[in-house]
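User: I've got a model open and want a quick walk through it. Can you take my questions as they come?

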Amino acid sequence: MRLDRQAALALGLLRLCLAQVNFAPHFFDNGVGSTNGNMALFSLPEDTPVGSHVYTLNGTDPEGDPVSYHISFDPSSRSVFSVDPNFGNITLVEELDREVAEKVVILVTDANDEAPRFIQEPYIVHVPEDTPPGSSIFKVHALDKDTGSGGSVTYFLQNMQSTKFAMDRHSGVLRLRPGTTLDYEKARAHFVTVVAKGSEVLTVAAMDGDRGKPNHILYSLLSESDGAFEINETSGTISITQSPAQLQREVYELHVQVTEVSSAGSPAAQAIVPVTIRIVDLNNHPPTFYGENGPQNRFELSMYEHPPQGEILRGLKITVNDSDQGANAKFNLRLVGPGGIFRVVPQTVLNEAQVTIIVENSAAIDFEKFKVLTFKLLAIEVNTPEKFSSTADVVIQLLDTNDNVPKFTSHYYIARIPENVPGGSNVLAVTAVDPDTGPWGEVKYSIYGSGADLFLIHPSTGIVYTQPWASLDAEATARYNFYVKAEDMEGRYSLAEVFVTLLDVNDHYPQFGKSIQEKTMVLGTPVKIEATDQDAEEPNNLVDYSIIRVEPANVFDINEHTGEIRLKNSIRSLEALRNITPSGVYTWSLEVQAKDRGSPSFSTTASLKIDITDTEMLSRSPMDAFLMQTKDNPMKAVGVLAGIMAIVVAITVLVSTATFWRNRKSNKVLPVRRVLRKRPSPAPGTVRIEWLKFNRTKAAAKFVLQEDAPNENRNNHSQGSPPPPRAPAPPPPPGMAPSTAAAPWTVPTVSGSLSPPQPQCSPKPKALGSPMQSALVSELRQKFEKNNVASKAYF
């Protein structure tokens with residue numbers, strides 16, 4: 001007989017959490033000829049006396065509640081029995097008569113055609129981790145609708161070797177194995193599969209040959225069955241005593257002996273019949289993971305981050321196996337965890353395979369992101385209704401490598417420091433981070449660039465400071481630009497740019513061009529004085545002007561921002577000035593202050609001499625106009641005079657050169673004889689060159705170039721006429737002997753002076769004799785002589 005056809009079974013998944021339901025009570029089936037149970041095959045002789053105790057009903061409630069017993073009859077028939085509701089005792093209450101016509105009830109015996117079923121599974125049981133070994137944890141219960149032996153249920157654990165629990169096959173009580181403890185930190189849940197199975201395999205039936213009054217027959221097993229099977233001695237039902245997964249053989253050869261029992265109770269005739277039981281494969285094994293030392297559900301490995309793409313994790317030795325056969329042993333493998341990092345090979349397994357895990361995404365295996373990668377390796381059956389599965393933890397400890405470059409917290413840094421900070425002062429701190437660990441994460445700082453000469457950086461802290469000897473000056477260099485470098489021990493580095501701006505400090509005084517200045521002011525036109533401050537920024541380099549002293553009287557106003565000085569609005573003529581200064585002096589002495597706007601503020605002063613005139617006086621003489629125009633700019637007058645003298649020198653050189661060549665051509669070699677000739681004296685002559693001609697209607701008339709005495713070179717600045725020229729001295733007498741050498745010669749020189757001629761036909765000298773012209777000429781002469789001495793020029 002095939003065990004899977006004769007035995008009905010049910011699978012219940014038990015998770016250790018409690019679930020309680022109310023099940024109906026049921027009768028015990030004690031087989032044919034028994035006097036207690038469910039009265040399924042009860043028979044009674046017709047001559048049984050009334051009042052006899054003929055049977056005892058026997059039943060139970062799955063929850064252990066008390067049961068009561070009752071009996072009912074068809075309304076058309078007699079009630080011949082009564083029952084004790086508490087004890088189930090049945091008593092005959094009416095006389096029986098077999099020949100009396102009665103309605104016959106035919107009992108249909110039950111066949112084992114129903115599978116047991118668990119009620120309200122899966123079960124969930126909460127168990128404290130300190131539960132003592134051997135303790136009862138929970139009782140499972142399955143119902144089989146069959147009656148008699150077909151309705152009895154036995155319980156088994158599907159995988160007894162890999163669990164901490166044991167099951168009582170008759171009662172369904174789940175216990176913690178002796179010597180086993182629970183640990184919440186290691187495993188928070190345990191999954192246990194319970195098999196509920198009808199234990200009946202087949203029933204052997206024997207009949208006594210005596211038809212009249214047959215004797216009772218007893219059944220027994222003769223051959224060895226490894227304790228896997230047993231037989232009911234009265235019913236002949238063969239049952240399995242253990243889980244089919246525990247059976248060690250595929251075929252069991254049993255011999256059933258039938259013995260007739262005489263009325264005296266002694267054995268009589270016997271018979272033996274062979275029974276062959278073949279164990280066919282059931283899907284009773286889940287896939288199981290194995291390590292090098294047996295079943296294993298946790299595998300660990302250490303590896304460096306960023307392994308090559310496609311690399312096999314060779315440190316994992318994993319085998320998976322399903323002990324079933326055929327389609328029951330086919331299952332799939334997959335990794336459950338962060339996706340796309342690893343893949344498992346093979347993905348489908350039949351019976352057994354070596355598990356290989358391959359790197360799929362190297363970039364995701366990053367120590368800086370995950371120190372530990374944890375996966376579940378899942379094996380689940382493909383084509384079985386049970387879909388048995390197993391899992392194993394794969395834990396990968398990542399090891400660090402130097403795969404990161406130090407990175408600055410910013411691409412550039414900006415610092416602003418006062419220009420007067422002492423050497424060795426801190427400027428700013430830069431920071432770079434290297435996510436690598438250990439020596440690979442240590443950063444060393446350095447500094448370089450054209451603007452880094454005055455700065456240093458601490459190699460480990462990143463603090464930038466000035467050189468101990470550095471002296472910063474915002475006026476010389478206001479901004480510095482250089483680079484900082486962060487480098488790890490293997491030379492991986494990054495750069496950041498640093499900009500240092502010097503904040504201007506008011507450390508310069510305003511400066512006038514000259515400490516003593518002279519100005520000529522025309523009525524209605526301001527004169528300007530100017531001072532500069534070398535500080536780099538406002539307000540330190542902004543200058544305000546003020547007059548702090550003036551003599552002989554305060555007749556001026558000054559613009560504090562521009563330095564323009566003008567007469568007060570009440571003074572509009574020289575006559576008004578004459579009223580203020582009865583002496584008639586038009587020259588004022590002032591002391592002007594220039595003060596910057598810095599904090600603290602610095603100031604400086606200059607002395608200023610102002611001559612005041614009006615346009616009428618300027619229009620009387622072109623020379624006056626020229627002198628007035630060049631009074632405030634003596635270099636202009638020096639330039640004009642220098643140009644004039646350059647022309648004079650050029651003409652002199654040309655004349656001298658021409659004379660030299662003329663004299664050289666006239667020299668000849670004479671015969672050896674003495675010729676005495678009287679050399680005539682040269683007639684006196686006067687060389688006069690008109691240099692500049694001015695309109696005779698103007699007061700200045702013209703400038704004249706006059707000849708001076710020979711071999712004299714001097715400047716004549718007098719206003720009178722030069723003396724008349726003198727004749728050159730006669731040459732020395734010739735020598736007694738002729739000479740072949742060239743006659744001596746000299747380059748004649750011409751010198752002259754610039755002077756205006758005396759005015760003619762004028763009763764009063766106005767232009768040159770006026771105080772204004774005299775002052776202007778005197779002032780111009782003084783400035784000209786100062787510049788002449790400084791530049792070593794001569795006229």
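User: Ala-196: buried or exposed?
Analyst: Ala-196 is buried, at 0% relative accessible area. Buried means under 20%, exposed means over 50%, and partly exposed is in between, with a 1.4 Å probe and protein chains only. The model is predicted: local features need pLDDT of at least 70, side-chain atom pairs count only at pLDDT 80 or more, and totals for chains, interfaces and linings use all residues. Residues are numbered from 1 along each chain as its sequence is written, and side-chain values use heavy atoms, with hydrogens and water left out.

User: Where does Ala-196 lie?
Analyst: In strand S14. Strands (E, at least two residues) and helices (H or I, at least four) are DSSP runs, numbered from the N terminus.

User: How far apart are Ala-196 and Tyr-155?
Analyst: In space, 4.7 Å, C-alpha to C-alpha. In sequence, they are 41 residues apart.

User: New topic. Which residues gather in the patch of negative charge?
Analyst: Glu-129, Asp-130, Asp-183 and Glu-185, on the surface. Patch residues have over 30% relative accessible area and no salt bridge; like charges are joined within 9 Å, nonpolar side chains (Val, Leu, Ile, Met, Phe, Trp, Tyr) within 5 Å. A salt bridge puts a side-chain nitrogen of Lys or Arg within 4 Å of a carboxyl oxygen of Asp or Glu.

User: And where is Glu-185?
Analyst: In the loop between strand S13 (173-176) and strand S14 (191-198). Glu-185 is exposed, at 63% relative accessible area.

User: OK, what makes the nonpolar surface patch?
Analyst: Tyr-448, Tyr-483, Tyr-493 and Leu-495, over about 370 Å². Areas come from the Shrake-Rupley method with a 1.4 Å probe; for residues, only the protein chains shown count as cover. Leu-495 sits in strand S39 (residues 493-503). Why does Leu-495 count as partly exposed? Because its relative accessible area is 36%.

User: What does Tyr-304 touch?
Analyst: Leu-399, Asp-400 and Thr-401, leaving aside residues up to four places away in sequence. Contact means heavy atoms within 4.5 Å.

User: Is Tyr-304 buried or exposed?
Analyst: Exposed, at 51% relative accessibility. Tyr-304 lies in strand S23 (residues 298-304).

User: Zoom out. How many helices and strands?
Analyst: Six helices and 50 strands in the protein chain. Of its 795 residues, 36% count as buried.

Methods
Lys and Arg count as positive and Asp and Glu as negative; His and the chain ends are not counted. The place of a charge is taken as NZ of Lys, CZ of Arg, CG of Asp or CD of Glu.
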